[in-house]
Amino acid sequence: MSTEQVLVSLPQKTAPQHPLGPLTASEISESACLIKGLWPSNTNIQFKSITLLEPKKAELVPFLTAEHSGQRTPTIDRKSFIIYYIRNTDKLHEAVVSLSRGKVESNLRLGPYVHSSADGDEILRVEKIALEDERVKAEIAKLQLPEGAVVVSDPWIYGSDGIEDGLFTDAQRMFQCFLYLRDPNNSSEVDSNHYAMPLIISPVVSAETMTVTRIDFLPTGIDNAIKEPSPYKVQPANEYIPEAQTLRTDIKPLNVIQPEGASFTVRNFSEQGHEIAWQKWDFKIGFNQREGMVLYDVHYDGRPLFYRLSLSDMNIPYADPRHPYHKKAAFDLGDAGAGIMANNLELGCDCLGSIYYLSAVLNDDKGEPMHMPNCVCIHEQDAGIGWKHTNYRTGRAAVVRNRELVLQSIITVSNYEYILAFQFNQAGEVMYEVRATGILSTQPIDEGISVPWGTVVHPGVLAAHHQHIFSLRIDPMIDGPLNRVVYDEAHPMPRSDFNPHGVGYTVKETPVTTSCGLDQNWDVNRIFKIQNAGVKNPVNGKPVAYKIMAPPFQKMLADKDSYHFKRAEFADHNIYVTSYKDDELYAGGKYTNQSRGGTGVRSWADRKDNVLDDDIVVWVQFGINHVPRIEDFPVMPCEIIKVALKPVNFFDKNPALDVPQSVQSFNKSVLASVNHAQESGAAVIGKQGEVCCVKESSKL
């Protein structure tokens, strides 16, 4: 497929910094320098995150109000938030730096059972340490692998189970490494799918000492039994790379072309911050290490809708109850980061059409700026018909296309990919879409057996069942800062003189008054809405609102006493409603790595704060229970999940009425040329593109 790239001229001089602008390279360097200045010069500091500390909402709302009205904006101190270790120790700190004043405002060492995320340099070191350990080499030797065989290590976050028994403890930060074999018949192919050849050896590496602390052997049967390594049976390769396939030859180009360019505009509101305007939408976009894309100050046609939107958290708990798999429960944002794991998107491959790219600056483990090129792509896409009506009396049709603005980022977390996208349309709707793809996390299994907690996807290869549970954080300002959540339910009317045929039904609205977790109920069509009770629709007098349309999913399957359940505090309800607090951004808590629970949205909801006509936050959970299938291997076709926020009594009519009609002079479609006849009854398109009607034979 071919595409064209939008060229937008950005300001040449440095834009003034804005309270919501992501940190610049110089600000990252300055923050690291100030932290290093707290310690003796020979102290080796391992920086985990240097990111913007967003201003308190009480300060920022007046700033944004003044900004929108063209008035002079108040001064707000610019600050950074830093998470760091003294390298090769368990001494984890968080600090706040005032960039406006050039000083460290606070520096706190965190307590036990609090661990930071992994970083890229650390993961590569762990891979190497696991494979170079002499005890690990001795166990690999017992497999009697073919000469020249290459073993690959996948470090995983260790997880939590509450056990503290000598070397079996989650009190210290660890990595559980799973080993695989690269295809011995093509061992020089670095992109070979090693997940098709899992090994039974699993070293555990201490993140503190960077040494192997123990070696686990993986169960491969129908129970917990483990066995010593023995000669390995090499199975056939199962590759995903294109050169290993016989590719189709009957697909023709499909070009996405916008001859006049894109309809959106991009401008810098700070050096690293961007403001997007498109089809009455206007919002700011930032990018950080943990959440990746964050949207701020979202307006439609000048009316405020959302103060802040982001993917807050995700959890992937696995179903295999045996050691060490019982600890597999990745928090891909808190344990790694959607920003730091973002792909460099390729023109014409990841994004089609007229593309504008946003790049970002994050930090590496040494506190140096790390440039993240093309980590967000912005483009428009045609999403089919937006609305249509044909007057059957006159035959006149009115029809418009549904165009969407897409902001997309793709993250790779070891074996898995997630394609994350905010989508806006011309009917005042905003969607958040997740596409899950990549490669299954696999483990060895004895040939000829099957187990109920996973699927055999290749000889000797088991893919365990697992859930993908996401939490979308919505900080609303629907026509103002004071909002509420209500839910509608549809119930049948009882039979009566008014309803003698038993066909009537009514819809009842119930407000949520205190912070809590809530669930969908499709039997009564329970629909949640974020509402501003103080602003009424001019036509029907109902409060303006946006409804939440989220697909049903099976919530956390691990029981309530499990660490899976305790840690993923968002995974037990479809909706959480909490009162706003400045430092409550992450549904699973600030530190998810080997966490114990008690620091996330479930705990915040338990405060039972008022959430009626107040400053609230809504957390929307969605996901899939991934029961693997053969077709998911060696690489998984995209599984698509989408949450939509749709206006309810917010406008006085369909807001997409003013979209120009869909006409051929604008669309420039062409008739396809198909050079063979179809079966009886089908349309045939001749060489010149004319449509012929083939008479159908009578079959009465």
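This is a predicted model: local features need pLDDT of at least 70, side-chain atom pairs count only at pLDDT 80 or more; totals for chains, interfaces and linings use all residues.

Q: How many residues does α3 have, and how far does it reach?
A: Helix α3 covers residues 120-132, which makes 13 residues. From first C-alpha to last it reaches 19 Å, close to the 18 Å expected at 1.5 Å a residue.

Q: Which residues of α3 are buried?
A: Here is the general idea: an α-helix has 3.6 residues a turn, so residues three or four places apart point the same way. In α3, the buried residues are Glu 122, Val 126, Ile 129 and Ala 130. Seen down the helix axis, the buried residues of α3 fall within an arc of 95°, so they line one face.

Q: What covers those buried residues of α3, and what does the face turned away carry?
A: The cover includes the helix α4 and the strands β2, β6, β9, β10 and β11. The face turned away from the buried side carries Leu 124 and Lys 128, both exposed.

Q: Now for an annotated residue: what does UniProt say about Tyr 416?
A: An unreviewed UniProt entry annotates Tyr 416 as "modified residue: 2',4',5'-topaquinone". In the model, Tyr 416 belongs to strand β21, residues 416-425.

Q: Is Tyr 416 buried or exposed?
A: Tyr 416 is buried, because its relative accessible area is 3%, under the 20% cut-off. Residues that Tyr 416 touches include Ile 411, Gly 438, His 466, His 626 and Met 636. Its side chain also makes a polar contact of 3.2 Å with that of His 468.

How values were computed
Residues are numbered from 1 along each chain as its sequence is written. Side-chain values use heavy atoms; hydrogens and water are left out. Helices (H or I, at least four residues) and strands (E, at least two) are DSSP runs, numbered from the N terminus. The expected span of a helix is 1.5 Å times one less than its number of residues. Buried means under 20% relative accessible area, exposed over 50%, partly exposed in between (1.4 Å probe, protein chains only). The arc is that of the directions from the helix axis to the C-beta atoms. Contact means heavy atoms within 4.5 Å. UniProt positions are given in the numbering used here, feature names are shortened, and annotations may be inferred rather than shown by experiment. A polar contact is a pair of N or O atoms within 3.5 Å; within protein, one must be able to donate a hydrogen and the other to accept it, and residues adjacent in sequence count only if both atoms are side-chain atoms.
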